[in-house]
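Subject: Model for you to look over

Dear colleague,

Please read the notes with the structure open beside them.

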Amino acid sequence: METKEYTGFFKSIIDQDRCAVVICNIEHEIIYMNPAAVQSYEKWGGADLVGKSILNCHNPASGERIREVADWFAADEGHNMIYTFHNEKQNKDVYMVALREEGKLIGYYEKHEFRNPETMKFYDLY
């Protein structure tokens, strides 16, 4: 099967993630935000941020770091993930992750991972 046939599966994986995922192309434009990201960034525009530069969502120093990491991703196919921040208040880690197609950098995404233990019961179907 061709990759195109799996697009719905990939989108569903991102959409079901409870953590914010913001996907950018190599021009730093936000091309997709999962529902958790839309909600998390609602006071800054939420879904209206799609199509805008992620660099405009950060201060100049952070924007420069984003450019630096994107250049690092582009420099080597083995450069694919970097830890960028820990939010103490929300007890979460933030990463930038390279997106590649046939080894070529096509963009990156920002991934948030909470460190809090799960409160859901095992296999609680009802």
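In what follows, a residue is called buried under 20% relative accessible area, exposed over 50% and partly exposed in between, with a 1.4 Å probe and protein chains only. Please keep in mind that this is a predicted model, in which local features need pLDDT of at least 70 and side-chain atom pairs count only at pLDDT 80 or more, while totals for chains, interfaces and linings use all residues. Residues are numbered from 1 along each chain as its sequence is written, and side-chain values use heavy atoms, with hydrogens and water left out.

To begin with the sheet, strands here are DSSP runs of E with at least two residues, numbered from the N terminus, and two of them pair if DSSP finds at least two bridges between them. On that basis 5 strands form an open sheet with antiparallel pairing, in the order S2-S1-S5-S4-S3. Its edges are strand S2 (30-33) and strand S3 (81-87), each of which pairs on one side only. Strand S1 (residues 21-25) runs antiparallel to S2 and is joined to it by 3 bridges; within this pairing, Cys 24 has Ile 30 of S2 as its bridge partner.

A search of the whole structure gives 0 disulfides. For Cys 19 the closest cysteine sulfur is that of Cys 24, which at 17 Å is too far for a bond, while Cys 24 itself is in no disulfide, the nearest cysteine sulfur being that of Cys 57 at 8.3 Å. Cys 24 is buried, with a relative accessible area of 1%, and Cys 19, at 11%, also counts as buried.

Finally, the rings of Phe, Tyr and Trp (its six-membered ring) are paired if their centres lie within 6.5 Å, with planes under 30 degrees apart called stacked, over 60 edge-to-face and the rest tilted. The count comes to 5 aromatic pairs. One of them is the tilted pair of Tyr 6 and Phe 10, at 6.3 Å centre to centre and 50° between the planes; Tyr 6 is partly exposed at 34% relative accessibility, as is Phe 10 at 46%. Tyr 83 and Tyr 95 are also tilted, because their ring centres are 5.5 Å apart and their planes at 45°. Since Tyr 83 lies in strand S3 and Tyr 95 in strand S4 (residues 92-101), this pair ties together parts that are 12 residues apart in sequence. Tyr 83 is partly exposed at 43%, whereas Tyr 95 is buried at 14%.

Note on methods. Helix = DSSP H or I, 4+ residues; strand = E, 2+ residues; numbered from the N terminus. Disulfide = S-S within 2.5 Å.
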